[in-house]
Amino acid sequence: MMSTFSKLQDAVFSTSAARMVGGVKGIVGLTLTVGGLEAVAGIGSRCRVRSRKGVIDGEVVGAQGSDLCLLPFGSWDGVAVGDPVELIEHDDLIYPDESWIGSVVDALGRPLSRYSRLPRPRRKSTRAAQPPGAFERKQVGDKLETRIKCVDVFTPICQGQRMGVFAGSGVGKSTLMAMLARNTDADVIVIGLIGERGREVQQFIQEDLGEEGMARAVVVVSTGDEAPLLRKQAALTTTAIAEHFKNKGLQVLLLLDSVTRFAMAQREIGLARGEPPTLRGYPPSVFSELPHLLERAGPGRAGEGDITGLYTVLVDGDDMNEPIADAVRGIVDGHLVLDRRIAEQGRFPAVDIQRSLSRMLPGCHSPEEFEITKAARKALGRYADMEDLIRLGAYKEGSDPSTDEAIRFFQTASPFLSQRRGEMTAASQSFAELYRMILEAGIEDPLKAYFEEAERQQAAEIAQQQPAH
């Protein structure tokens, strides 16, 4: 009996250790055509090409007849027709654990730089996990306090919510993300820098994030000079790490900068494997990959934590209706719009309050907070409508009482909503200050009707408790 078992065990070990090797048949651009592995490798399989200059890893992204199409985690420099290609099993797994906190890793989960510690493999995680089912999730949780005034008041964020941050280049997007990472109450912060400029990675970690932010963060980096496959994998790795900590019951803040560069990487992959270009050159796979990636964040199952996701979108030419911005806006639970005109006026974060929205309102605000928010938003909207006339001097003070009130409110609220990096303001203090500014501007007390109704209810309850004569 033992002899039979030993033979079976040896057969299993010998089978698992067997090498499955094919060969390079052709190279066109980034696409490598491989033969001999079509029976054992599928889409997403990892392969290793051994060339004269060394070893290069790649991934199967398509198939044409009996040939497989591979894209590299780098470049195919030195690869020639006939070079051996070996299938690599179980190379698409990462092993995150608590030792990763405070570390910087690359798109494949390998440690980078002096910030990283050696990972201790414990529990494997796949980068391409499926989002939870619609009826498996919990409801969105309590409000998260970001200590950023314009966010807490006008676009509040709840546990498990997904928000898009839409901005052009150079409008303060990375600084806002760093403020959210430093200020927001969360157990673990997972940050993905996708397609970032190489020189800005250390600047973001050292200056924007700082030691305080790094103490509870895991940073995944894939710079813009890396292969499109690595840039795409970095977004998947970032999400997989967040899922690991969510499964441990922790509250996770996921910051992904940026979804646009993820989409651009997927565009390069899709075009390389022969997909037809559609909107602005984006192939159809881009618009199927986006919801799959974004839906992995959100409330967890019962007994799990939540992933609160913030995804930046680099708006091309400040066009909020470009394809990626439009697709992401339809998936997430709200959006923060950063406006270049506001940034040029020196107000940071340059959040355009009129165009920003949180779909958790009004439920995540108390009734008093929501009334203050409505009154402030109405006054700022009135000022925005009349701004051109006011700046040209065409509006005369006293012509319209509501416009006069809006001007007075804007003059005090605009500098108040500006916030320096490192400055933190409690949400209760932000509401109290805005309420004071509303009253000082001469705007009708937004809580007057609320207090009157509360007094009527209290009087009615007292009347019911008194005995009848």
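Let's start with Asp 319: this residue is partly exposed, at a relative accessible area of 27%. Partly exposed lies between buried, under 20%, and exposed, over 50%, using a 1.4 Å probe and protein chains only. Asp 319 sits in the loop between strand E17 (306-314) and helix H8 (323-329). Helices (H or I, at least four residues) and strands (E, at least two) are DSSP runs, numbered from the N terminus. Phe 166 is 153 residues from Asp 319 along the chain, yet their C-alpha atoms are separated by 9.9 Å.

A word on the model. It is predicted, so local features need pLDDT of at least 70 and side-chain atom pairs pLDDT 80 or more, while totals for chains, interfaces and linings use all residues. Residues are numbered from 1 along each chain as its sequence is written, and side-chain values use heavy atoms, without hydrogens or water.

The average pLDDT (the predictor's confidence in each residue, from 0 to 100) is 87, and 91% of the residues score at least 70. Residues 9-17 fall below 50, and beyond near neighbours in sequence that stretch has one contact (heavy atoms within 4.5 Å) in the model. Where pLDDT is low, predicted coordinates should not be read in detail.

Now the helix pair. The axes of H5 (residues 228-247) and H6 (residues 259-272) come within 8 Å and cross at roughly 135°. That makes H5 oblique to H6. Oblique is what remains once angles under 35 degrees (roughly parallel), over 145 (roughly antiparallel) and 65 to 115 (roughly perpendicular) are taken out. From H5, Pro 228, Leu 229, Arg 231, Lys 232 and Ala 235 meet Phe 262, Ala 265, Gln 266, Glu 268 and Ile 269 of H6.

Methods: Axes fitted to C-alpha atoms, helices over the stretch in contact; angles between N-to-C directions.
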